[in-house]
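Please keep the sequence and the structure at hand while reading.

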Amino acid sequence: MEVPGQARDSPTVIPTSPNDEDFPWWLVAVLAIGFYLFWQVFTAEEYSRVLSTLRKGIWVTVYVTLVSYSMACLLGLGLALAGLSRSLILRQCARFYVEVVRGVPIIVLLLYVAFVLAPAMVGGWNWVAQTIGLDPIRTRDFSLLWRAVIALTIAYSSFLAEVFRAGLQSVDEGQIEAAEALGLNRWQRFRFIVFPQALRTILPPLGNDFVAMVKDSSLVSVLGVTDVTQLGKVTAAGNFRYFETYNVVALVYLTMTISLSIALRKFEKRMRER
């Protein structure tokens, strides 16, 4: 029944969050602090020396983040598909992996992979190498950088698996049934129907986890990997300029994370407008 005085085709008003209307004063404060620190870096000799030392570590941080996150996304998607499969064994194995890995702190996982799992992998490879006539390798030949990458991949794959699972389950079942009625096989339904729609849902949490990976990559310094944090510790121990050194370290991480956050917000806004 039509209510008197109400327009028949009145547009639906989508409520907006108060945060969307606020002027970004926090960004102004961050830019002001960042401008001051950058001014110090380019004008003060001590800050400049610290930044020149940390440049190599920036590339190591970026490399570890990109490789670990890419591998974690692939493994997490595989775990999500296994958790939603029709096989009871696959579902239970995926759930076992996710729950166990999520229950272990990342720094503990780093140490475990570096000093327990990596030697075990080398031992397994040497056993296979002797069987097929290849030369064995030594444990010290397994670089600490790749041990850290494997550990971060394992850690974040468990979190990303839950993100992918939630996104896949958010797709309307009716669309999947319609695609099945059109004769699409399971791979085609996943590629053309399920995954594109799930991707729009999971992009924000994927972006948040990517920013978190940039920060958590600093944990690889406990293995001696020469990232920004490790070079910052070595530099501060050598020049005893802890204030200047860790200011530059914090500035480097803030620049990377805030730039990524702003870029991701703009990308999400563009996706919502489509």
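Are helix 3 and helix 6 parallel, perpendicular or oblique to each other, and why? The model is a predicted one, and in it helix 3 (residues 45-83) packs against helix 6 (residues 144-169) at an angle of about 45 degrees, with the axes 6 Å apart. Angles of 65 to 115 degrees count as roughly perpendicular and those under 35 as roughly parallel, and helix 3 and helix 6 are therefore oblique to each other. Helix 3 passes helix 6 in a right-handed crossing, and the contact between these two helices has 22 nonpolar, four polar and one charged residues.

Helix 3 also packs against helix 10 (residues 242-273), and the two pairs are set out below.

| Helix pair | Angle between axes | Distance between axes |
|---|---|---|
| Helix 3 and helix 6 | about 45 degrees | 6 Å |
| Helix 3 and helix 10 | about 40 degrees | 10 Å |

The angle of about 40 degrees makes helix 3 oblique to helix 10, and helix 3 passes helix 10 in a right-handed crossing. On the helix 3 side the contact includes Tyr47, Leu54 and Ile58, which belong to a set of residues that meets a set in helix 10 including Phe243, Val249 and Met256. By class, the residues of this contact divide into twelve nonpolar, three polar and two charged.

The second largest pocket has a volume of about 600 Å³. Of the 14 residues that line this pocket, Leu81, Leu84, Ile176, Arg186 and Val194 are the closest to its centre. Helix 8 gives the most to the lining, with four residues, and the lining as a whole divides into seven nonpolar, two polar and five charged residues.

Terms used: Residues are numbered from 1 along each chain as its sequence is written. This is a predicted model: local features need pLDDT of at least 70, side-chain atom pairs count only at pLDDT 80 or more; totals for chains, interfaces and linings use all residues. Side-chain values use heavy atoms; hydrogens and water are left out. Axes are lines fitted to C-alpha atoms, for helices over the stretch in contact, and angles run from 0 to 180 degrees between N-to-C directions. Angles under 35 degrees count as roughly parallel, over 145 as roughly antiparallel, 65 to 115 as roughly perpendicular and the rest as oblique. A crossing is left-handed if the near helix is turned anticlockwise from the far one by less than a right angle, and right-handed if clockwise. Ala, Val, Leu, Ile, Met, Phe, Trp, Tyr, Cys and Pro count as nonpolar, Asp, Glu, Lys and Arg as charged, and the others, Gly among them, as polar. On a 1 Å grid over the protein atoms alone, a cavity is a set of points where a 1.4 Å probe fits but cannot get out, and a pocket is an open set with protein on both sides within 12 Å along at least five of seven lines; lining residues have an atom within 4 Å of a point. Grid points are joined across faces, edges and corners, and a volume is the space filled by probe spheres set on the points. Contact means heavy atoms within 4.5 Å.
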